[in-house]
Structures are given as structure tokens and as C-alpha cells.
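Trainee: I would like to learn how to read a model like this one step by step, beginning with the fold as a whole and then moving to single residues. Could we go through it together?

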Amino acid sequence: MRIWNRPVLGVVALAAAAMPSLLATVPAQAAGPAVAAHSAERASRRDVYVPRVLSPRAGAVWRVGERVEVTWDVSDPPAQITNRTGSIALRAGGVTLLDRVLARDFDILLGRMEVTVPDVPPGDDYRVVLSGDSGNWSEPFTIASDGRAAPPPGAPATRRR
């Protein structure tokens with residue numbers, strides 16, 4: 001195949017084989033017809049699904065130890081989803097807390113999952129991250145300690161030491 005004789009196009013062909021969505025930004029004639037046809041066929045079989053997180057919503061208050069429900073919109077999924085296995089993690093500030101996975105190994109098309117609020121420092125800049133074949137996170141919400149009043153909206157987060 002002539003594409004391997006051209007270093008830049010060879011790299012594009014390798015990347016396109018690994019990530020079919022890359023071809024959407026590369027003209028088919030630049031990558032070569034064989035690579036374009038293969039990638040287009042793979043992309044038509046599976047789609048990335050990014051369902052919108054419905055809850056928790058901004059202003060929600062979770063208390064450490066309580067059971068709460070995370071919900072997301074499953075009203076319009078593609079016919080074939082790249083990865084239907086979901087997970088939910090906690091995000092604080094701008095960092096996803098990979099050691100705070102709240103749920104894992106569920107079908108992303110369930111649209112809801114009950115989780116236990118972990119023992120984390122109180123604060124008002126938490127989000128949940130819903131992952132399957134992509135990640136999408138909720139609006140910011142508050143986590144309060146058990147027995148502690150939630151901070152008023154917009155108040156700076158307080159952290160236990």
C-alpha cells in the first residue's frame with residue numbers, strides 16, 4: 001500500500017485505524033480509500049454515547065452516608081454504543097477523584113443508579129462523572145457532613161483536615 005511510503009500519511013492511517021472518529025477531520029483522499037472505507041464502516045457500526053446527567057442538579061445537597069440517586073438522559077441513544085458499561089465517580093474542584101468511584105459495571109442505558117455518598121470533606125464544588133465510552137459530569141452540588149448544615153449557595157467550601 002503506497003500510504004506507508006509517506007511518513008505523515010502513514011501516521012494518519014495508524015491513528016485512523018485506532019480511532020475512527022479521527023477520519024472525520026481528515027479528507028478521505030489524504031488517508032487513502034482503503035483506510036477511509038474501513039474506518040467509515042467501523043464508525044457506522046458503533047457510536048459514542050454522551051448522555052446528559054440530570055441529577056444531581058445545582059443546589060442539591062448530599063449528606064455523607066446517605067443513599068442518593070444519580071440519573072441521566074437515555075431518551076435518544078444511538079443504535080450501537082461503543083461501550084455500554086458505565087461507572088460513576090466523584091469530582092471535586094476540577095479533579096475527578098478516581099479513588100471515589102461510586103458505582104461501576106452497570107449498563108449505561110439504565111438511566112439511574114443509587115449510590116452512597118462517601119465520607120469526603122464538606123464542600124459545594126462536587127460533581128458526579130458518568131463514564132461509559134465518554135465522560136459527562138453533573139452540575140456542581142454540595143456534600144455536607146452528617147449532622148452538619150449545608151453551606152449557603154456560593155459560600156466558600158470548607159474542608160476538614
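Predicted model: local features only at pLDDT ≥ 70, side-chain atom pairs only at ≥ 80, totals over all residues.

Trainee: What does the secondary structure of the chain come to, and what pattern does the chain follow along the sequence?

Mentor: The chain holds 3 helices and 9 strands, and reading along the sequence gives the pattern α-α-α-β-β-β-β-β-β-β-β-β. Of the 161 residues in the chain, 34% are buried.

Trainee: Which residues have the most contacts inside the largest nonpolar core?

Mentor: The general idea is that in soluble globular proteins nonpolar side chains tend to be buried together. Here the largest nonpolar core has 24 residues, and those with the most contacts inside it are Trp62, Trp72, Ile88, Phe106, Val115, Val128 and Ile143. At least two residues of this core come from each of β3 (67-72), β4 (85-92), β5 (95-107), β6 (112-116), β7 (123-131) and β9 (141-144). If you look at Phe106 and set aside residues up to four places away in sequence, you will find that Phe106 touches Trp72, Arg84, Thr85, Gly86, Ser87, Ile88, Met113 and Leu130.

Trainee: How should I read a sheet, and what is the order of the strands in the open sheet of 3 strands?

Mentor: Strands of a sheet pair through backbone hydrogen bonds, either parallel or antiparallel. The open sheet of 3 strands in this model has the order β1-β3-β6, and its pairing is antiparallel. Because β1 and β6 stand at the edges with a single partner strand each, one side of each is left without a neighbour in the sheet. From one strand to the next, the twist averages 30°.

Trainee: Which residues of β6 are on its covered face, and which on its uncovered one?

Mentor: In a regular strand the side chains alternate between the two faces of the sheet. In β6 the covered face has Met113 and Val115, whereas the uncovered face has Arg112, Glu114 and Thr116. Val115 is also one of the residues with the most contacts inside the largest nonpolar core.

Trainee: Turning to the backbone, which peptide bond is cis, and what is phi of Asp105 near?

Mentor: The peptide bond from Ser55 to Pro56 is cis, with omega near 15°, and Pro56 is found in the loop between β1 (53-55) and β2 (61-63). Asp105, in strand β5, has phi near 60°, which is a positive value in a residue other than glycine.

Trainee: Is Asp105 buried or exposed, and what of Ser138?

Mentor: Asp105 counts as exposed because its relative accessibility is 63%, and the cut-off for exposed is over 50%. Ser138, in the loop between β8 and β9, counts as buried because its relative accessibility is 2%. Leaving aside neighbours within four places in sequence, Ser138 is in contact with Val53, Pro56, Arg127 and Val128.

Trainee: Where is Ala92, and how far apart are Ala92 and Asp124 in sequence and in space?

Mentor: Ala92 is in strand β4, and its relative accessible area of 17% makes it buried, since buried means under 20%. Ala92 and Asp124 are 32 residues apart in sequence and 8.8 Å apart in space, C-alpha to C-alpha. With neighbours within four places in sequence left aside, Ala92 is in contact with Leu97, Asp125 and Tyr126.

Trainee: How many cavities of 30 Å³ or more does the structure hold, and which residues line the largest cavity?

Mentor: Rolling a probe the size of a water molecule over the atoms shows where empty space is left. This structure holds 1 cavity of 30 Å³ or more, and the volume of the largest cavity is about 40 Å³. Its lining is made by Tyr49, Val50, Pro51, Ile108, Leu130, Ser131, Gly132, Ser134, Gly135 and Asn136, with β7 and β8 (135-137) each supplying at least two of the lining residues.

Terms used: Residues numbered from 1 in each chain as written. Heavy atoms only, no water. Core = buried A, V, L, I, M, F, W, Y, C linked by side-chain atoms within 4.5 Å. Buried < 20%, exposed > 50% of the residue type's maximum accessible area, 1.4 Å probe, protein only. Helix = DSSP H or I, 4+ residues; strand = E, 2+ residues; numbered from the N terminus. Contact = heavy atoms within 4.5 Å. Pairing = 2+ DSSP bridges. Axes fitted to C-alpha atoms, helices over the stretch in contact; angles between N-to-C directions. 1 Å grid on protein atoms, 1.4 Å probe; cavity = no way out; pocket = protein on both sides within 12 Å on 5 of 7 lines; lining within 4 Å. Points joined across faces, edges and corners; volume = space filled by probe spheres on them.
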